[in-house]
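Visitor: Hi! I'd like to walk through this one with you, a few spots at a time. Could you put it up?

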Amino acid sequence: PLEDPKSISGINLWLDASDTTTITHSSNAVSEWNDKSGNANHAIQSTSGDQPTYTSNGMSGNSGLDFDNDKLSIPAIDMEGKTLFAVIQPDTSQIQQILSHSSINVQLRLSGSNQLQYAAASPLYTNGTASTGTIANNQISIVSCTLDNSLGFSINGAFQDSGVNKGNSGSSTFNQIGTRATNEERFNGKMGEIIIIDSVSSTDRKKIE
């Protein structure tokens, strides 16, 4: 059976585009994507030119938000000791952000060769650490990044421990989706779901995947 993410203890954020009641839009331009975790970590965008587009079937027949030079803001979440899940479908291969911070240079992104990658100016892990696995353009992938004692990546259920250990300093706080800084390396593709849990357990990760 499918696992209800809220059954995992310590869910921080759950954005789910298949639940249309959580999406506020005007002519499909999305101004708010409501958090289903109960923590009110809603993703918002008041600037019309930066609003992603809701699509009912753009993700291989499933609903999602189409990011084309768009971004969303969320309340700051410290990702240390947490796992990020994202259901994504990139349109092109380029450096593009999944989760980042608006003023601190820390990133969970796709590399130009479609690897999952961690990057930061003051890194908690080695800057530029990337997955060996890659994801495909124009196809749905379930990806996750686990900020444990070492950095872990998972692509469609295949987990890889990078072997890169956590340092003693460096930021791991994120507050936006789909861009680096204010307008760089914007995500080009669709996102269907984003979940952050307060767990680095492989059991919890597999349940959600």
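Predicted model: local features only at pLDDT ≥ 70, side-chain atom pairs only at ≥ 80, totals over all residues.

**Strands, rings and loops**

Visitor: Which residue in E17 does Gln89 stand opposite?

Guide: Gln89 faces Lys190 in E17. Numbering starts from 1 along each chain as its sequence is written, and side-chain values use heavy atoms, leaving out hydrogens and water.

Visitor: Good to know. How many bridges join E8 to E17?

Guide: There are 8 bridges between E8 and E17, and the two run antiparallel. Two strands count as paired if DSSP finds at least two bridges between them. E8 (residues 83–90) also has 6 bridges to strand E13 (residues 141–147), again antiparallel. On that side Leu84 stands opposite Cys145 in E13.

Visitor: And why is E8 described as largely enclosed?

Guide: Because 8 of the 8 residues of E8 are buried, the strand is largely enclosed by the rest of the structure. Buried means under 20% relative accessible area, exposed over 50%, and partly exposed in between (1.4 Å probe, protein chains only). Both faces are covered: one side has Thr83, Phe85, Val87 and Gln89, and the other has Leu84, Ala86, Ile88 and Pro90.

Visitor: Nice. Which strands form a hairpin with Asn156 in the turn?

Guide: That would be E14 and E15, with 2 residues between them. Asn156 has a positive phi of about 50°. E14 (residues 150–155) and E15 (residues 158–165) run antiparallel and are joined by 5 bridges. Within that pairing, Phe153 has Gln160 as its bridge partner in E15.

Visitor: Switching topic: how many aromatic pairs does the structure hold?

Guide: It holds 2 aromatic pairs. In the pair of Phe67 and Phe187, the ring centres are 6.3 Å apart and the planes sit at 90°, so this is an edge-to-face pair. Phe67 is in strand E6 (residues 62–68) and Phe187 is in the loop between strand E16 (173–177) and strand E17 (188–197), so the pair ties together parts that are 120 residues apart in sequence. Phe67 is buried at 0% relative accessibility, and Phe187 is buried at 0% too.

Visitor: What about Tyr118 and Tyr125, how far apart are their ring centres?

Guide: Their centres are 5.5 Å apart with planes at 85°, so that pair is edge-to-face as well. Both tyrosines are buried. For rings of Phe, Tyr and Trp (its six-membered ring), a pair needs centres within 6.5 Å; planes under 30 degrees apart count as stacked, over 60 as edge-to-face and the rest as tilted.

Visitor: Where does Gln117 sit, and which residues does it touch?

Guide: Gln117 is in strand E11 (residues 115–120), and with 11% relative accessibility it counts as buried. Setting aside residues up to four places away in sequence, Gln117 touches Gln107, Leu108, Arg109, Ser111, Gly128, Thr129, Ala130 and Phe153. Contact here means heavy atoms within 4.5 Å. The Gln117 side chain also reaches the backbone oxygen of Gly128 at 3.0 Å.

Visitor: Now a loop. Is Ser37 buried or exposed?

Guide: Ser37 is buried, with a relative accessible area of 12%. It is in the loop between strand E3 (29–33) and strand E4 (43–44). Its side chain makes a polar contact of 2.7 Å with the side chain of Asp35 and another of 3.0 Å with that of Asn39. Beyond its neighbours within four places in sequence, Ser37 is in contact with Lys6, Ile11, Asn12, Leu13 and Trp14.

Visitor: What counts as a polar contact?

Guide: A pair of N or O atoms within 3.5 Å; within protein, one must be able to donate a hydrogen and the other to accept it, and residues adjacent in sequence count only if both atoms are side-chain atoms.

Visitor: And Asn28, where does that lie?

Guide: Asn28 lies in the loop between strand E2 (23–26) and E3. It is partly exposed, with a relative accessible area of 32%. Not counting residues up to four places away in sequence, Asn28 touches Pro52, Thr53 and Tyr54.

Visitor: Last one: how many helices and strands does the protein have?

Guide: The protein has 1 helix and 17 strands. Its C-alpha trace spans about 45 × 40 × 30 Å along the principal axes. Of the 209 residues, 51% are buried.

Terms used: Helix = DSSP H or I, 4+ residues; strand = E, 2+ residues; numbered from the N terminus.
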